[in-house]
Amino acid sequence: MRFDTSTTRWIRAILGGAALSTALLFSSDGAFAAKTSLVLGMTIEPQGLDPTAAAPVAIGQVTWQNVFEGLVAIDREGKVVPQLARSWEISADGLTYTFKLQEGVTFHDGEAFDSGVAKFSLDRARGPDSTNGQKRFFAAIDTIETPDKSTLVLKLKKPQGSLIYWLGWPASVMVGTKSAADDKTKPVGTGPFTFVSWTKGDRVELAANPNYWNKDAKVRLETVTFRFIPDAQAQAAAIATGGVDAFPEFAAPELIESFKDKPDLVTVIGNTELKVVAGMNNARKPFDDKRVRQALMMAIDRQTVIDGAWSGLGTAIGSHYTPNDRGYIDLTAKHPYDVEKAKALLAEAGYPQGFAFTIKTPQMAYAPRSAEVMQAMLAEIGVTMTIEPTEFPAKWVQDVLKGANYDMTIVAHAEPMDIDIYARDPYYFNYKNPAFSAIIDKVEATSDPAEQDALYQDAQKILAEDVPALFLFVMPKLGVWNAKLKGLWENEPIPSNVLSEVYWEE
């Protein structure tokens, strides 16, 4: 059998790694058989593995749709599809949701899934001791009834037009009554893969679930390893040498071109919900003055930030909303780049000589790069910005998200349609606008898509005017993976690494 040089390198890389030593198989006629193992790279290692216990998206990127499943799911097109609930009905007044559940479903430890377990999961998510990062999803639920094992009834206090969509998020997955307490380190779900091990600082390993309930699913991977490689150069080396098979979210846009002439690799530029915003503490001076916030926005040339931070790969935004989202309007012209007008606004607000502040930047590459570009631009209007690196997620969550002990920060908000975060109280922006909050309440009070879209447009306009955060750009999904690997999501309607449809070509 004759190999070309790229194939030889590929085989040597696979056989050289202990985790991949059995990944290459031969069929009875001596030809290559499809691989059944996958090594997938990620930039951020999650602090835990239970997506119902904390908000960081890296948790769901390992376990959502792989280990854990929900009543419904979000598919690769961003649509809600049935999952552990095979169907549902909503009453005319929007106050009663009746779910018919799948039968014959078991958790990985053998516990049966039924309406009682579903009630336990939702009660745990909405209970007083809940640490669920999206606890607000469940606030409208008044009571939960279980008339029989395959029927679940949610009675709401008020209509909640987005409830079905929210039930598809990682924070809403179903957990077992016996295993929930240990899911942070030993996750047990109903999904197509079971948890094997977690070597902190290095990898999480999963294996195919031989008792998976969904017989229509064609799960072809037998083992999956998530490797955590924060350094962009190390990521590039790992994908080039075969140390990893795929980086669905490659962290070095400046290196993406280097892979395009390699026939054994593919590069993909897809859509995401990753909104890069520089959030301000609206309760602190001078950020409590809308004119100051507007001036800072007008001092920023968004395209220059995109060029400097992400090699020109990104889409400028004027509000906390992406072009993928329903009802999107382009508001980047609301406060366009204009240094002289920015200076005039600062003077009007009482800061003719500018002021100084500190920005806390997580270690993800886009954050310090964006901050450095912004630092130079703000200096043009007399504003001195000191950059303070801040470890993410632990230190950032402690100082910014929970403590609101900051002036400005920068982070990519990954959750789809999360414009409502500006109505949360408390939330780290410390932004309070009753008119904005009233619009978000109206969105939830109706299930009419056209009415919701119009309300979302009103919400975007308010944020573009008030500038509670500097709205910068939407990051694209930069993927690099082996050309024989099929089924990975090219776009990202929700942060995830869904592997049930992933396979290797023979």
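**Ground rules.** I worked on a predicted model, where local features need pLDDT of at least 70, side-chain atom pairs count only at pLDDT 80 or more, and totals for chains, interfaces and linings use all residues. Residues are numbered from 1 along each chain as its sequence is written, and side-chain values use heavy atoms, with hydrogens and water left out.

**Entry 1, whole protein.** I looked up the secondary structure and found 12 helices and 24 strands; helices (H or I, at least four residues) and strands (E, at least two) are DSSP runs, numbered from the N terminus. The radius of gyration is 24 Å, close to the 23 Å from the globule rule for 506 residues, so the protein is as compact as a globular protein of that length. That radius is taken over C-alpha atoms, and the rule is 2.2 Å times the number of residues to the power 0.38. I noted a C-alpha trace spanning about 80 × 65 × 35 Å along the principal axes. Of the 506 residues, 54% count as buried (under 20% relative accessible area, with a 1.4 Å probe and protein chains only; exposed is over 50%, partly exposed in between). Of the contacts (heavy atoms within 4.5 Å) with a separation of 6 or more, 69% join residues 24 or more positions apart.

I then took helix α7 (residues 302-310) and helix α9 (residues 366-379), whose axes come within 8 Å and cross at roughly 140°. Axes are lines fitted to C-alpha atoms, for helices over the stretch in contact, and angles run from 0 to 180 degrees between N-to-C directions. The two helices are therefore oblique to each other (under 35 degrees is roughly parallel, over 145 roughly antiparallel, 65 to 115 roughly perpendicular, the rest oblique). On the α7 side the contact includes Thr-304, Val-305 and Trp-310, and on the α9 side Tyr-366, Arg-369 and Met-377.

I checked helix α6 (residues 290-298) and found 7 of its 9 residues buried. Among them are Val-292, Arg-293, Gln-294 and Leu-296. Their cover includes α7, α9, α12 (449-466) and β21 (469-474).

I located Asp-114 in the loop between β7 (96-101) and α3 (115-126). Asp-114 has 16% relative accessibility and counts as buried. Leaving out residues up to four places away in sequence, Asp-114 touches Leu-101 and Lys-149. Its C-alpha atom is separated by 8.7 Å from that of Leu-152, 38 residues apart along the chain.
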